[in-house]
Amino acid sequence: MSQTIDARDAAHDVPLPHENAFFAPLQKPAHVGPDWLEPKQTEYTSEDDAVWDILFERQANILPGRAIDQFLHGLERLNLHRGGVPRFEEINPELEKLTGWTVVPVPMLIPDHVFFHHLANRRFPAGNFIRKRENLDYIQEPDVFHDVFGHVPLLTDPTFARYMEAYGRAGEKAMRFNRLKALGALYWYTVEFGLMNTPDGMRIYGAGVVSSAEESVFALEGKSPNRIHLNVDRVMRTDYLISDLQASYFVIDSFEELFNATEKRAFDTIYETLNPGFQYAPTAVLETDRVYNRGTQEYALRGGRASGATPV
Ligand SMILES: [Fe+2]
């Protein structure tokens with residue numbers, strides 16, 4: 001018994017960040033330990049389960065022909081449509097068998113160094129709550145639908161799974177160089193809002209896109225946004241929009257391309273040449289960009305979500 005607990009503690013030992021690293025000061029709730037993991041998943045109510053089902057059905061109608069095959073296969077494989085919010089203990093055995101990843105519940109946004117530590121150990125932290133029926137489309141913090149529906153299916157893909165683990169390991173270095181925003185932009189434009197150029201046409205794979213009814217359509221079919229081939233150095237210098245539809249989406253050919261472009265890149269040299277803050281606006285198109293579509297930016301120019309602009 002005590003051996004099991006010791007082994008668990010060692011696996012969840014979170015290294016402290018570098019002494020000069022800056023990170024957002026988040027107040028840790030008293031009931032979680034240094035790894036910020038909830039002792040157990042929330043007991044969701046029937047209303048919560050109904051919200052999951054509504055969101056699931058809506059995306060299930062939108063995503064075929066829009067999301068990449070790997071995402072749709074992952075949804076099937078993990079059987080995320082059992083009815084209601086999935087129990088992690090039901091998903092994890094299959095996920096772990098496929099790629100060694102597991103999903104773990106956390107109470108809220110967690111500190112960067114803790115997030116990186118979990119990713120580096122193939123654990124994906126997921127919100128332990130779900131949005132309300134009155135707010136189906138807008139959430140301030142990632143909830144279990146965004147985290148599990150959006151992120152977890154692709155963790156069944158071996159190459160994407162390796163990318164996510166490598167990202168977790170890369171976090172420590174970004175903190176040492178105090179360039180977390182740059183690494184965050186890479187996550188944003190790949191893991192959250194990435195597009196893929198497939199033999200069947202342009203598809204979405206980012207969790208922020210595939211979990212949003214509006215952005216699933218806008219990212220692919222909108223006239224406003226730019227669609228530009230991913231260049232890691234460029235993306236790490238590009239600002240992004242946190243609570244609105246993106247002004248630019250970055251496109252990869254495959255997860256192999258994404259993995260090779262990051263794993264084989266010496267980030268030290270990027271960090272050494274980066275100024276703090278971002279060099280390029282979210283709407284920017286550079287001469288050196290490989291552009292698929294140059295957007296009209298009509299949506300952003302009309303003021304975006306804050307002005308109630310139509311997402312065209
Ligand atoms: Fe996310």
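Predicted model: local features only at pLDDT ≥ 70, side-chain atom pairs only at ≥ 80, totals over all residues.

**Stop 1: the core.** Start by selecting Val 103, Leu 155, Ala 185, Tyr 189, Tyr 205 and Val 210. These are the residues with the most contacts inside the largest nonpolar core, which has 73 residues. Now keep Tyr 205 on its own. Which residues is Tyr 205 in contact with, leaving aside its neighbours within four places in sequence? Display Ala 67, Ile 68, Phe 71, Leu 154, Gly 194, Met 196 and Val 210, and you have the set.

**Stop 2: helix α6.** Next, select residues 144-151, which form α6. How many of its eight residues are buried? The count is eight of eight, so to speak a helix that is mostly covered. Click through Val 144, Phe 145, His 146, Asp 147, Val 148, Phe 149, Gly 150 and His 151 to visit each buried residue.

**Stop 3: the five-stranded sheet.** Switch to a cartoon view and look for an open sheet with the strand order β4-β3-β6-β5-β7 and mixed pairing. At its edges stand β4 (201-204) and β7 (291-293); each has a single partner strand, so one side of each has no neighbour in the sheet. Ignoring direction, neighbouring strands here are turned by 35 degrees against each other on average.

Zoom in on β5 (residues 226-229) and β6 (residues 248-252): the two run parallel and are joined by four bridges. Then bring in α10 (residues 213-221), a helix that lies across β3 (195-198), β4 and β6. The direction of α10 is at about 150 degrees to β4.

**Stop 4: two positive phi values.** Finish with a pair of loop residues. Trp 36 is in the loop between α1 (2-11) and α2, and its phi is near 65 degrees, a positive value in a residue other than glycine. Is Trp 36 buried or exposed? Trp 36 counts as buried because 24 C-beta neighbours lie inside 10 Å, and the cut-off for buried is 20 or more.

Now move to Asn 178, in the loop between α7 (158-176) and α8 (180-192). Asn 178 is not a glycine either, yet has a positive phi of about 55 degrees. With 16 C-beta neighbours inside 10 Å, Asn 178 counts as partly exposed.

Definitions and conventions:
Residues numbered from 1 in each chain as written. Core = buried A, V, L, I, M, F, W, Y, C linked by C-beta atoms within 7 Å. Buried ≥ 20, exposed ≤ 12 C-beta atoms within 10 Å, placed from the backbone. Contact = placed C-beta atoms within 7 Å. Pairing = 2+ DSSP bridges. Axes fitted to C-alpha atoms, helices over the stretch in contact; angles between N-to-C directions.
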